Amino acid sequence: MSLSISIVGGGYVGLVTGACFTHLGNNVTIIEVDEKKIDSINKGVPPIFEEGLEEILLKYSGTRLFATNSYASVAECDVSIICVGTPPNPDGSSNLEYIRSAAISIGKALKDKNRYHVVTVKSTVPPGTTEKVVIPEVLKNSERKSDNIGFCMNPEFLREGRAIEDFLHPDRIVIGSSDERAEGILKDLYSPLQAPVIITSLTAAEMIKYTSNSFLATKISFSNEIGNICKKLGIDVYDVMKGAGLDHRIGPHFLNAGAGFGGSCFPKDVSALISLAESVGEKPKLLHAVIEVNEIQPLKMLELVHSRIGDLKSKRIAVLGLAFKDNTDDIRDSRSIPVIKGLIKEGVDVIAYDPMAMSHMQKLFPAISYADSIETALNNADACLIMTEWPLFSQLDEEFSLMKQPPVILEGRRMIKRPDVEGICW
Ligand code: NAD
């Protein structure tokens, strides 16, 4: 069955969702407020880097995939999917301004439509948002009754850098719904993926997303804490986690100790869950500790560099890796940000390199140097800090002979197999 879909928000999630639903045979209109993104999508040029995205855009942009700033397509389509951002407020709670604005615009666009329509929330939102914000705004602004508009909450679990692959091969699809008809339409939409489908309430669907991200973040902070203890005891934490992770009750994933987690989701979602818990009188001690460990972890890279080369003033230090993870140009909450801040504070001459994320970091730190190659970054460096797990860094060896000798190579990720490399917690 082919459906006509409007996606509100053409960022990482919206664009990937739109591209993948087009790839699965549907007609998609992406509604965006950013003219540059609209232009880029319509030209078949992805405004973000994701493997496989360009091929899909080139194939379907202008035929079955369009981007626009108009909500007119909403009245013509079967399903609207909200994929706008939910950034953190200063107190850590979730800012729902974009969600509300998208719901109002969808409502207004549905005013003259008589046919059944499904409105789905895919953005990560605190439990209760679909019921308390989206449904009332859509119904009020469309002046329609809930009997011919269905509502779903369908959280997204894709990982940036592997987003297309993750979208097309999910572990599970979660659908929270207000009525069986809406639920059936979403189930049909996802049926080509042949993944297990969990049908639940709107609020449970919202909570599943926060629970998943908070649990994964907890695994990382836990691994880092074990790693910090292992470092002091002279034990290799990677051997320890391999042994622990083979227990099926624990599992081998997300046990990599290192410089901590970043990105647009884990820090924001754990903070939002903390804020939500506190708003209902709960004290989430464990979640606070997850954030605390994650804030301290990158600073351990600075301690390590101090312990190896002493005073950092006027030292030349190469930072390899700026993106929050490999295979993406996204630097949001990247762990290299607090490290670079700390180095600048100590008067270091920072020279940074990343295969994709340098232009974004340049906006944040215009005064540091950016190298056009790994060799240029390493040339004559007093130390090198590896902050992102880009596969190409694992090939490095001879390049370190360009540094002052013997080279001081410090890793926030476990990439390089050389006896003279020291890890943050191994
Ligand atoms: P993003 O900032 O990359 O994209 C959001 C887009 O929405 C932007 O392009 C913005 O211009 C657009 N927008 C804002 N208001 C709009 C409006 N009223 N009408 C039309 N467009 C509007 O954000 P993202 O990373 O795609 O995340 C979107 C949501 O999905 C968030 O809630 C996030 O937590 C969640 N999520 C993100 C990921 C991820 O890896 N990035 C994974 C799963 C879930």
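Me: Is R249 buried or exposed?
Reply: R249 is exposed, with a relative accessible area of 68%. Buried means under 20% relative accessible area, exposed over 50%, and partly exposed in between (1.4 Å probe, protein chains only). This is a predicted model, where local features need pLDDT of at least 70, side-chain atom pairs count only at pLDDT 80 or more, and totals for chains, interfaces and linings use all residues. Residues are numbered from 1 along each chain as its sequence is written, and side-chain values use heavy atoms, with hydrogens and water left out.

Me: Which side chain does R249 meet in a salt bridge?
Reply: That of D247, at 2.7 Å from N to O. A salt bridge is a side-chain nitrogen of Lys or Arg within 4 Å of a carboxyl oxygen of Asp or Glu. D247 has 22% relative accessibility, so D247 counts as partly exposed.

Me: How many salt bridges does the structure hold?
Reply: 20. One of them pairs K122 with E156, with the closest N and O atoms 2.9 Å apart. K122 lies in the loop between β5 (117–121) and α6 (129–142) and E156 in the loop between β6 (149–153) and α7 (163–168), so this pair ties together parts that are 34 residues apart in sequence. Both K122 and E156 are buried.

Me: New topic: at what angle do α5 and α6 pack?
Reply: About 30°, with the axes 7 Å apart; α5 covers residues 97–109. Axes are lines fitted to C-alpha atoms, for helices over the stretch in contact, and angles run from 0 to 180 degrees between N-to-C directions. The two helices are therefore roughly parallel to each other (angles under 35 degrees count as roughly parallel, over 145 as roughly antiparallel, 65 to 115 as roughly perpendicular and the rest as oblique).

Me: Which α5 residues meet α6?
Reply: I99, R100, A103, I104, G107 and K108 do, and their partners in α6 include V133, E137 and N141. Contact means heavy atoms within 4.5 Å.

Key
Helix = DSSP H or I, 4+ residues; strand = E, 2+ residues; numbered from the N terminus.
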